[in-house]
Amino acid sequence: MRSEILRTDGVVKSFGGVKALKGVSIRVKEGSITMMIGPNGSGKTTLINVISGLYKPDDGKVFFNDKEITGLPPHEIYKLGLVRTFQIPQPFMKLTVLENLLVAYPDNPGEKFFGALRRGKWRKVEEKVVEKAFKILKLLKLDHLWDQQSYKLSGGQMKLLEVGRALMSDARLIMMDEPAAGVNPVLAHEIFRRFRELKDKLGVTFFLVEHRLEIALRYTDYVYAMANGVVVAEGVPETVMVNPQVIEAYLGG
Ligand SMILES: Nc1ncnc2c1ncn2[C@@H]1O[C@H](COP(=O)(O)OP(=O)(O)OP(=O)(O)O)[C@@H](O)[C@H]1O
Ligand SMILES: [Mg+2]
């Protein structure tokens with residue numbers, strides 16, 4: 001049986017009078033695509049923020065690979081291989097697709113390296129790093145775009161580039177908040193297909209928040225449904241989607 005890569009025990013988080021998380025316990029199996037669903041304001045993003053270290057929980061614990069990470073700063077959690085992707089920061093838009101991966105390599109030599117990139121001298125970077133980047137780009141089917149400036153990518157390709165950057169740091173668990181948001185249906189399917197391939201080929205685990213259920217659920221192994229700061233259902237997609245509390249949460253308003 002595969003082990004748990006991520007676990008939260010009774011996570012509580014309030015903002016002033018708003019109890020965003022009222023004791024959330026989840027388990028994410030290694031090598032799975034696990035999805036968190038729930039109506040607007042149910043606490044999904046807050047949970048991701050607590051797991052990734054952006055917010056400290058008021059109560060409860062978070063474990064990654066059986067190590068407690070509750071309250072650790074985000075960069076330390078990142079170094080352990082739990083990576084939460086953000087939109088690519090603006091300065092990186094001018095870099096090429098390949099360069100975006102190279103600068104995400106954790107041991108890159110910093111500013112000098114950056115300067116070298118800007119002068120188009122990335123070839124001086126250690127060959128193994130470039131090889132690794134190309135291997136990842138191939139998996140993402142972005143290799144033909146390696147010298148394209150990143151701002152020219154489509155929304156869907158940018159989401160994949162974010163994943164590529166995470167993989168450069170040897171992420172074992174990738175958390176994404178609404179990866180299919182704003183992406184056309186064809187590309188959204190493409191993104192989720194890539195996730196499944198990465199999971200099969202690299203054993204990477206995905207923990208995703210998504211509203212586009214009609215697309216996302218067919219690529220998902222396990223689902224947690226949240227409403228009002230608590231988990232109301234969990235299981236395989238087919239059972240969760242017919243759960244009365246889930247239907248009530250979505251339709252009951
Ligand atoms: N930084 C914050 N300060 C104050 N309140 C917050 C903050 N972040 C979240 N909240 C509140 O916590 C609750 C949960 O918000 P959260 O963003 O986690 O929901 P969500 O499930 O991600 O919603 P959506 O599907 O709309 O993204 C909401 O009532 C929200 O207003
Ligand atoms: Mg959210």
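A salt bridge, as the term is used on this tour, is a side-chain nitrogen of Lys or Arg within 4 Å of a carboxyl oxygen of Asp or Glu. The model open in the viewer is a predicted one, and a search of the whole structure finds 12 salt bridges of this kind.

**First stop: lysine 141 and glutamate 197**

Select lysine 141 together with glutamate 197, and display the side chains, which meet in a salt bridge with an N to O distance of 3.7 Å. This pair links distant parts of the chain, since lysine 141 sits in the loop between α5 (127-139) and α6 (155-168), whereas glutamate 197 belongs to helix α7 (residues 185-202), 56 residues apart. Lysine 141 counts as partly exposed because its relative accessibility is 43%, and glutamate 197 is likewise partly exposed, with a relative accessible area of 23%.

**Second stop: along helix α7**

Because the two residues are three residues apart in helix α7, arginine 193 and glutamate 190 are separated by about one helical turn. Arginine 193, at 38% relative accessibility, counts as partly exposed, and so does glutamate 190, at 24%. Now widen the selection to Lys141, Glu190, Arg193, Arg194, Glu197 and Lys201, which are joined into one network by salt bridges that share partners.

Select threonine 85, in the loop between β6 (82-84) and α3 (97-104). Threonine 85 counts as buried because its relative accessibility is 11%, and buried here means under 20%. Show the side chain of glutamate 162 as well, and a polar contact of 3.3 Å can be traced between it and the side chain of threonine 85. If residues up to four places away in sequence are left out of the count, threonine 85 touches Glu162, Ala166, Ile174, Met175 and Met176.

**Last stop: ligand 1**

Finally, centre the view on ligand 1, which is surrounded by 14 residues, the closest being Asn40, Lys44, Thr45, Thr46 and His211. Which polar atoms lie 2.8 Å from an oxygen atom of the ligand? One is a polar side-chain atom of asparagine 40, and another is a backbone N or O atom of glycine 41. A polar backbone atom of glycine 43 is 3.0 Å from an oxygen atom of ligand 1. The protein covers 62% of the 630 Å² of accessible area that ligand 1 has on its own.

Colouring the shell by secondary structure shows that β2 and α1 (44-51) each supply at least two of its residues, and that α1 gives the most, with three residues. Colouring the shell by class instead gives five nonpolar, seven polar and two charged residues around ligand 1.

Technical notes: Residues are numbered from 1 along each chain as its sequence is written. Chains are lettered from A and ligands numbered from 1 in the order in which they are written. This is a predicted model: local features need pLDDT of at least 70, side-chain atom pairs count only at pLDDT 80 or more; totals for chains, interfaces and linings use all residues. Side-chain values use heavy atoms; hydrogens and water are left out. Helices (H or I, at least four residues) and strands (E, at least two) are DSSP runs, numbered from the N terminus. Buried means under 20% relative accessible area, exposed over 50%, partly exposed in between (1.4 Å probe, protein chains only). A polar contact is a pair of N or O atoms within 3.5 Å; within protein, one must be able to donate a hydrogen and the other to accept it, and residues adjacent in sequence count only if both atoms are side-chain atoms. Contact means heavy atoms within 4.5 Å. A residue is near a molecule or strand if one of its heavy atoms lies within 4 Å of it. Accessible areas come from the Shrake-Rupley method with a 1.4 Å probe; for residues, only the protein chains shown count as cover. Ala, Val, Leu, Ile, Met, Phe, Trp, Tyr, Cys and Pro count as nonpolar, Asp, Glu, Lys and Arg as charged, and the others, Gly among them, as polar.
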